[in-house]
Structures are given as C-alpha cells and as structure tokens.
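Biologist: Can you take me through this model? I'll ask as we go.

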Amino acid sequence: MTDQLNSSYDVVVVGGGAAGLNGGLMLARARRSVAVIDAGSPRNAPAHAVHGLFAREGVAPSELVARGREEVRQYGGVVVSGEVSGIVREGEEFVVTLADGQSTRARRLLVTTGLVDELPPIPGLRERWGNDVIHCPYCHGWEVRDQPIGVLGLGPMGIHLALLFRQWTPDVVYFAHTNTPPTEEEAEQLAARGIRVVDGEIAAVEVSADRLTGVRLADGTVVARGVLAAPTRMVARAGFLADLGLVPTQHPTGAGEYIPADPMGRTEIPGVWAAGNVSDLSAQVGAAAAAGAMAGAQINADLVAEETRQAVEVQRALARV
C-alpha cells in the first residue's frame, strides 16, 4: 500500500525504516504535514528477526515496518513507495524528485536512508548473507551460540569482532585473509581467549544442503565452520544529496562512509537532518528509532521557532500601521 504524494509538506522524510518511521511519527503527532518516502530496500531485509529491541524482541523486520507505517498514517502522515533521485533547494524550500518523475516540496528534510553493506568478493559469501554469514554479535550472537564460528579478517574490525564472538562460543577461528597479521599484542589477546588464527587468503565458502560447512583457502585447505562473521564496509545511501552539497564522509575507524550530524540530527546543510544508519553506522534498530524521534522533535522545534519569528514580524508590521 502506498499513499498519494501531495505537492508540498512541512517535512519530507527520505527513508522508511526505524529512524524514518519514528521521525515521521513524532512529526505527525506534532500536527506537521509529513511524507515518508521509502524505496523498500532495508538493510535488514535478509534478517529473519529484529533482536535487542525492548518489547519487540524477535519481531520480523517486515512486521515492524508495517506497524510503523500504520502508526504514521494514524496521525495523518503519508507513506509513499518510491526512490528519491535528487533534491535541490529553491528559495526556502526543498524540491524532492522521485525516480518515477513525481516531485514534492518540503520546508525541512529528514534523511534516514540507511546504508549498504559491501562484502568482499569471496564466492558464496553474499548468497549466505543474513543466514549463516553474519556481522553483528548483538544481532545474531544468541542464535549462533556454541557453534563453530569463523571471523573474517577484513578492515580494522576483524580482530575486535573475533574477541566479541568469543563471548557466545568457545570455538572461534580468526581468518587473517588479506589483513595484515595480528600485532604482538593482538596475537596475545587472541591466544589468551583460545581463538585460533588461520593465515592465508580465503577462496570461497563451502556450502552443503543449504548450510555453510566451511571456509576454503586459496591453497585448497578447508576449515570446517558453521557460521562466518564478516565485517562489512558500510556506505551511506546518500547519492541523491549531492546537489545540496551533502556528501558522505569517511568514518574515523575506516569502517565506511556516513553523513555527519550532531547529536540532535542536524547536518551542516541548513534545513537538513539525518538519523539512523545513514549518520551512525553502528546503530541497531532501537538506536536508529530513538535518533529518528529526536530528529523529528528537533525539526518541529526549528519550525516552531521560524513560525514564531514570522508571527512577531507580522505583529510588529501591524503595530506600525
């Protein structure tokens, strides 16, 4: 189900995940005209359930989104299916254009488009993503507890991830892959926790009967594993913001690219806020939703301040007549 897009709104929310829907909900409850535009490609689409979310533990991502959409609509907001292809500023407003040619105007923008997980080009890895190839121990650790887990050495998070997953199972193997070898300190930490280090580049993941069974190295060696944790390069979905001069920034940890925003969600571009994974690469569903709510409240406060200034100016003008 998709709503009809009107010609203008107080706020357009680009992205309809947890951050966008909670931001839209706050704005709709503040009696703002608000449209949430969602392309329908959530980051957690491969996941079977949302975890670590108070009072909604284990809910299917699709069910959570469906409930959120209805809650936004309940207070007069609209939820539109579509992909935003570009945004430009015209005077005091933003013109938001969709890929299908539709457009609308907004006084303020809330960007909640999330991110894309870029995986290394290891044969079989992408196909298992969200099943037995995972990335977050807090999202999936309980479900894979006590299983033989391999951790892919990729980028700055590989060793950290191996040490984290050791909390959920005593059987962890760290695959150095193309990473530089562990430092002396890191090797000591891994050894102290009983984490075996396997050198050599990974050639492919082994699968049998629709289950991951091991990791095959370039020399042909196969290391049996039931789960593989793979750090990803996380890249904000933000190409449509280029005309506003808002481009992704490299994260200080090297984990990917994000849109910088202050704790209230305000970006460097006046009138534009960002929340959720597009600005916080590590945010889980609960944190993303909370950030969306905060940004929504701050946008409403900003509009109230603007409307108050305008009302004062009118009152002063009338007093001079």
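Biologist: In β10, which residue is the bridge partner of G150?
Modeller: V173 of β10 is the bridge partner of G150. This is a predicted model, so to speak of local features a pLDDT of at least 70 is needed, side-chain atom pairs count only at pLDDT 80 or more, and totals for chains, interfaces and linings use all residues. Residues are numbered from 1 along each chain as its sequence is written, and side-chain values use heavy atoms, with hydrogens and water left out.

Biologist: In which sense do β9 and β10 pair, and over how many bridges?
Modeller: Parallel, over 4 bridges, with β9 covering residues 149-152. Strands pair if DSSP finds at least two bridges between them. Strands (E, at least two residues) and helices (H or I, at least four) are DSSP runs, numbered from the N terminus.

Biologist: What do β9, α4 and β10 make?
Modeller: A right-handed β-α-β unit. The chain then crosses from β10 through helix α5 (residues 184-192) to β11, and this crossover is right-handed too. Right-handed means that, with the strands pointing away from the viewer, the path from the first strand over the helix to the second runs clockwise.

Biologist: How many bridges join β10 to β11?
Modeller: 3, and the two strands run parallel. V197 in β11 is the bridge partner of Y174.

Biologist: Which residues cover the faces of β10?
Modeller: V172 and Y174 are on one side, V173 and F175 on the other, and all are buried. Buried means under 20% relative accessible area, exposed over 50%, partly exposed in between (1.4 Å probe, protein chains only). In a regular strand, side chains alternate between the two faces of the sheet.

Biologist: Switching to aromatics. How many pairs in the whole structure?
Modeller: 2. The rings of Y138 and W168 have centres 5.6 Å apart and planes at 85°, so that pair is edge-to-face. Rings of Phe, Tyr and Trp (its six-membered ring) pair if their centres lie within 6.5 Å; planes under 30 degrees apart are stacked, over 60 edge-to-face, the rest tilted.

Biologist: Where do Y138 and W168 sit in the chain?
Modeller: Y138 is in helix α3 (residues 137-140) and W168 in the loop between α4 (158-165) and β10 (172-175), 30 residues apart. Y138, F165 and W168 form one aromatic cluster.

Biologist: Is W168 buried or exposed?
Modeller: Buried, with a relative accessible area of 19%.

Biologist: And R107, buried or exposed?
Modeller: R107 is buried, at 18% relative accessible area, and lies in strand β6 (residues 103-111).
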